Amino acid sequence: MSSNVDHTMYFEALIDTFATVGWNAIMDDMKAGADQLTLENCKTAEEFWLAKGQMEAYRKMLNYEDFIRQGFENYAEDL
């Protein structure tokens, strides 16, 4: 029982975070950063791999809210 309460509180805390002004500001910054990255401007393999890694980090952050919400739905269905 305690584990279910802990998991529910975890998801609820994150969902509360997604409703904050701060979270929305972070997402706006992430979107702007992701929009500025291009692989075409990379002149070396090192620049390419760095940009590719940055793109992956932006993608993960930009999809984090959807990932957590889907995880919570799946968790709630299994209760």
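Predicted model: local features only at pLDDT ≥ 70, side-chain atom pairs only at ≥ 80, totals over all residues.

Author: The protein chain has a radius of gyration of 17 Å, but a compact globule of 79 residues would have one near 12 Å.

Reader: What box do the C-alpha atoms of the protein chain fill?
Author: Roughly 55 × 25 × 15 Å, taken along the principal axes.

Reader: What pattern does the protein chain follow along the sequence?
Author: The pattern is α-α-α. The protein chain has 3 helices and 0 strands.

Reader: How much of the protein chain counts as buried?
Author: Of its 79 residues, 14% do. The accessible surface comes to about 6,100 Å². Carbon and sulfur atoms hold 58% of that surface.

Reader: What share of the contacts with a separation of 6 or more comes from residues 24 or more positions apart?
Author: Such residues account for 70% of them.

**Helix H2**

Reader: How do you know that the span of H2 is close to the expected one?
Author: H2 covers residues 21-36, which is 16 residues. From first C-alpha to last, H2 reaches 23 Å. At 1.5 Å a residue, 22 Å is expected. The two values are close.

Reader: Which residues of H2 are buried?
Author: Trp23, Met27 and Gly33.

Reader: Why are the buried residues of H2 said to line one face of the helix?
Author: Look down the axis of H2. The buried residues fall within an arc of 125°, so they line one face. On the other side, Val21, Asp29, Asp35 and Gln36 are exposed.

Reader: Why is Trp23 called buried?
Author: Buried means under 20% relative accessible area. Trp23 has 9%, so Trp23 counts as buried.

Reader: Why is Asn24 called partly exposed?
Author: Asn24 is also found in helix H2. Asn24 has 39%, so the label is partly exposed. Leaving out residues up to four places away in sequence, Asn24 touches Phe18 and Ala19.

**Aromatic rings**

Reader: What describes a pair of aromatic rings?
Author: The distance of the centres and the angle of the planes. By the rule used here, the count comes to 7 aromatic pairs.

Reader: Why is the pair of Phe18 and Trp23 called tilted?
Author: Centres must lie within 6.5 Å to pair. For Phe18 and Trp23, the distance is 5.0 Å, centre to centre. Planes under 30 degrees apart count as stacked, over 60 as edge-to-face, and the rest as tilted. The planes of Phe18 and Trp23 are 55° apart, so the pair is tilted. Phe18 is buried, at 5%.

Reader: What makes Phe48 and Trp49 an edge-to-face pair?
Author: The centres of Phe48 and Trp49 are 4.9 Å apart, with 80° between the planes.

Reader: Is Phe48 buried or exposed, or partly exposed?
Author: Phe48 has 27% relative accessibility and counts as partly exposed. Trp49 is exposed, with 57%. The cut-off for exposed is over 50%.

Reader: Which residues do ring pairs link into a cluster?
Author: Tyr10, Phe11, Phe72 and Tyr75.

Reader: What makes Met61 partly exposed?
Author: Met61 lies in helix H3, residues 45-78. Its relative accessible area is 28%, so Met61 is partly exposed. Leaving aside neighbours within four places in sequence, Met61 is in contact with Trp23, Met27 and Met30. The C-alpha atoms of Met61 and Met27 are separated by 7.9 Å, though the two are 34 residues apart along the chain.

Reader: How far apart in space are Ala76 and Leu62?
Author: They are 23 Å apart, C-alpha to C-alpha, and 14 residues apart in sequence. Ala76 is in helix H3. At 41%, Ala76 counts as partly exposed.

Reader: Why is Leu37 called buried?
Author: Leu37 lies in the loop between H2 and H3. Its relative accessible area is 18%. The cut-off is under 20%, so Leu37 is buried. Not counting residues up to four places away in sequence, Leu37 touches Ala51, Gln54, Met55 and Tyr58. The C-alpha atoms of Leu37 and Phe72 are separated by 31 Å.

Definitions and conventions
Residues numbered from 1 in each chain as written. Heavy atoms only, no water. Phe/Tyr/Trp six-rings, centres within 6.5 Å; stacked < 30°, edge-to-face > 60°. Buried < 20%, exposed > 50% of the residue type's maximum accessible area, 1.4 Å probe, protein only. Helix = DSSP H or I, 4+ residues; strand = E, 2+ residues; numbered from the N terminus. Expected span 1.5 Å × (residues − 1). Arc of directions from axis to C-beta. Rg over C-alpha atoms; globule rule 2.2 N^0.38 Å. Contact = heavy atoms within 4.5 Å. Areas by Shrake-Rupley, 256 points an atom, 1.4 Å probe, with all protein chains shown as cover.
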